[in-house]
Amino acid sequence: MDASDYQKIRQLFDNYIQMYSFRDDLLTTYFSENFTGITGSGDFLVKDREAWIAITRQDFAQVKDPINIELKDVAIQLLADTIAVATSTFIIHLPIEEHVLSRKIARLVLIFRNEPTGWKISHSSISVSFGVAGEDEIYPLKDLEERNRFLEKLVVERTAQLSEANAQLLQTNELLVREIAEHKQLEIANSRLLLRQRAILDNLPMMAWLKDCDSRLEVVNEPYAKACGHTIEECLGKTDFELFPRDMAEEYIAGDSEVCLSGKKKQGETLITTPAGNRWHLYYKTPLFDEQGEVVGTTGIAQDITDRKKAEEQTVDAMNYIQTILSTSPVGIGTYKATGEYVSANEAATKIVGGSTEQLMQQNFRNIESWQRFGLLDFAEKALRTGIEQRGDFHIVTTFGKEVDIDVLFVPFIFSGEQHLMHAIMDITERKRTEAQLSYSISLTNAALESTADGILIVDRNGMIVRWNQKFISLWNVPKELLVKGAIRPVIKYVTAQMAQPDEFFAKVMQLYEHPEKTSRDLLNLADGRLFDRYSQPLKIGDEIVGRFWSFRDITEQKKHENEQMQIDKLESLGLLAGGIAHDFNNILTGIMGNVSFAQIFIDPSHKSYKPLVEAEKASVRATELAHQLLTFARGGEPIRKVISFQNIVKETVDLALRGTNVKGVIEISDSVDAIDADEGQMSQVLHNLIINASQAMPGGGTLTATAQNETLDDNNALSLPSGRYVRLTVSDQGCGMPDEVMKKIFDPYFTTKPAGNGLGLASVHSVINRHGGHIGARSTVGKGTTFTIHLPSIGETYSKYQTSSTSRNTGCHSGGSILVMDDEEMIRDMTSEILEYLGYQVTTCVNGAEAVSRYKAARESGEPFLAVIMDLTIPGGMGGKEAAQQILAIDSTACLIVSSGYSNDPIMSDYVAYGFTAAVAKPYNIEEFGQLLSEVLSAQLTIKVGSFHLHHSE
């Protein structure tokens, strides 16, 4: 026993004594899970750890105060690598002098086992030298009675360990004899200890014995006696010649003599004859020494391993059987460790990949280039990772240069506690080649039928159907069983029933069958509104007619698109006109709005003119929205976004749209609803269309309700929108409602139920919401009303919070400096100059892009560059903002350029950064919006330039 093990065992022993001294059960954490102990004056063995603890706690409850335990001696011996025993005698000094246990000498035996978590106490036994215990008394710590359960699992180790334990028990007995001579009061304790030793031996599952040097049995247990066919008493004092056949006895006694003479352990396997038949035993014999180190006998244990031997024989037979299967199997089978090393491969595996067994055994599958290249490695790793078998077909070039198609099955499994991987490979090269040839032949025929947009039907000369394609089935919804039967008449009848004019169609078909040489083409009008282009011609082999070919093409959408294109062409023409009008209108409104908002600065709100100016500005805003709607309606375009309040835009639109009607508007939108980043004009158009529709659905009056609330959508929401925070707006009316067939088409272009409608209102609403990354849906009940629900992404905060943070961000607004304004409208140049000069800037104006480039270059060279350039996007007959911006950025890549246009739907306005602009402002605008935008842009530009300056100088 090394010093470390001795120290750990001695510490457990001391802790055990301390537990009894201080009357606590903290040491139970050091007990094995299969701990056993003898309790109650040695009356019975407790095999349950928790039951032993409970009994001990009852004992501790009798004397709660600490007691003095006087150790007389301690002996610790290692019986095996994992088993140790400690013995000791001690005197108990109880605080109660008259107590029956006070000053008694006790005998303690502890057995320890080295478990994966360290040394643990597996058994406890205490003997107390007193006469008869009282009936009501419970005494802790009784001696050994049950074998260590751990020995049942490790037969070989247990056997060696318990043989050593028996030798130690003999030494213990000798020690007890000496102690009895010195302490006669221990006679009862020694007697009980012998009885308990007998109980331990009898409870061992294997045979155990002790012999003297003459091979006479001194101690045997019940399994030994039973194996001999005798009782324990009949065995004691006997030699093997008196118990076993002579040849067996000679072998046993020879082994005993060898152990006694050599003083060394002996182990082996032997076949013996017992009353139960021939049995295999695994035995261990150990020399028994006295105090002077002389051999005085042997002790041994034997385990019946007959079942194990049979299992080993069966395993060998099974392995031979499996090996025969593997060697003759056409399936290539190989096994690997989880680390990748090859374990085994059969002959079929070597043939399939083109290598030898030796070559395969040198491979690690993680390093096989063909596995990495053709995907086998991914399948193998997935099988190991998931524990689920994986199967797939692969076309590979093996490490040995063989090109082959294989069907591979990867199966993970556990062997000897380690993860392994097996693969089963089948060579399917020929099968693949045959399948490919057959597939190619079939595909040539199928391609001709299935690759066309036409429904094809082929009939032979006898009027039997021989081929068709899936398109024919989908066009006519013909039950496949009709086609499979082959008769053409039921199919013709089924198709004819779907025609708008069935008699005329049937007559044409019959005419063609009466004249098989004719070719025919015409348009078919179906009862459901579809329009088919039908073509038919005879099928010939040489000059012989062998059948008829029919093709059908659905041209419903084509015709619809042709009609729609006509409408679109008209709208394009209208769009060109509308765009020009809207541009000029916006330029005029810019002058109006700018001057009106500018005038309000100089008038006190109490002045009589102030309110008319406010109303005039509002009217200008509405006129702006009208122009913007005209642009969006006629030409589309991406939204020009800014943060807007749903509360404000809904209220203004409802007030305007319902003014003069008998419809009451109810708005339920709290201040907690988030703001959105959207095109204010397009949102006004959306709301205006919805409100006008609702008003028209309630000609007799009613209530329109608009509500909004915040909503968070998860990844799998039913609207198929990205997850995140949204604002949900609902607009509900009490009108006539719409039936299901109308609801399905309300967002279709040109669909309308109004005699004077053009069917573009809700279509444009749907388009605008989609362009804003949102969703619109509707539900309606005839006679009760309709509800439209819109989801739009929110900015994550309310409009008031946004304004506060925006104000905070703009507190350091930039004022002063030189700004260049380019616009072909003199009125706008003058108005913009006055506003900018009022805001504290020096203004230079020009009429086109060429002049703007020249003035910017000159100002930069003079050392007094412009802080910003505000450019009109469109200059009739001259260079506009787009071209001018490119030339200015070529001169100064850090130039601050702001684009302005009456064409608010121009792509440059929505994606101005891509064209080199810093910001965009749509005409018309008021002084407040214009000033805030300019302040934000110049402050941000100044921050960027300062950061760039520091970065440059730090480098």
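This is a predicted model: local features need pLDDT of at least 70, side-chain atom pairs count only at pLDDT 80 or more; totals for chains, interfaces and linings use all residues.
Let me start with a network: Lys-211, Asp-240, Asp-256 and Lys-285 are linked by salt bridges.

Take Glu-242 and Arg-216, whose side chains meet at 3.6 Å, N to O. Glu-242 sits in the loop between α7 and α8, and Arg-216 in the loop between β7 and β8, so this pair ties together parts that are 26 residues apart in sequence. Glu-242 is partly exposed at 43% relative accessible area, and Arg-216 is partly exposed too, at 38%.

Now, how far apart are Asp-655 and Lys-651 in helix α21? They are four residues apart, which means about one helical turn separates them. Their closest N and O atoms are 3.1 Å apart, in a salt bridge. Asp-655 is partly exposed at 35% relative accessibility, and Lys-651 is partly exposed at 47%.

Asp-528 and Arg-530 form another salt bridge, with 2.9 Å between the closest N and O atoms.

On the surface, have a look at Glu-826, Asp-830, Glu-834 and Glu-837, which gather in a patch of negative charge. Asp-830 belongs to helix α26, residues 826–838, and is partly exposed at 40% relative accessibility.

Finally, the whole chain: we have 30 helices and 33 strands, and 45% of the 955 residues are buried. Thanks, folks!

Technical notes. Residues are numbered from 1 along each chain as its sequence is written. Side-chain values use heavy atoms; hydrogens and water are left out. Patches are made of residues with over 30% relative accessible area and no salt bridge: like charges are joined within 9 Å, nonpolar side chains (Val, Leu, Ile, Met, Phe, Trp, Tyr) within 5 Å. Accessible areas come from the Shrake-Rupley method with a 1.4 Å probe; for residues, only the protein chains shown count as cover. A salt bridge is a side-chain nitrogen of Lys or Arg within 4 Å of a carboxyl oxygen of Asp or Glu. Lys and Arg count as positive and Asp and Glu as negative; His and the chain ends are not counted. The place of a charge is taken as NZ of Lys, CZ of Arg, CG of Asp or CD of Glu. Helices (H or I, at least four residues) and strands (E, at least two) are DSSP runs, numbered from the N terminus. Buried means under 20% relative accessible area, exposed over 50%, partly exposed in between (1.4 Å probe, protein chains only).
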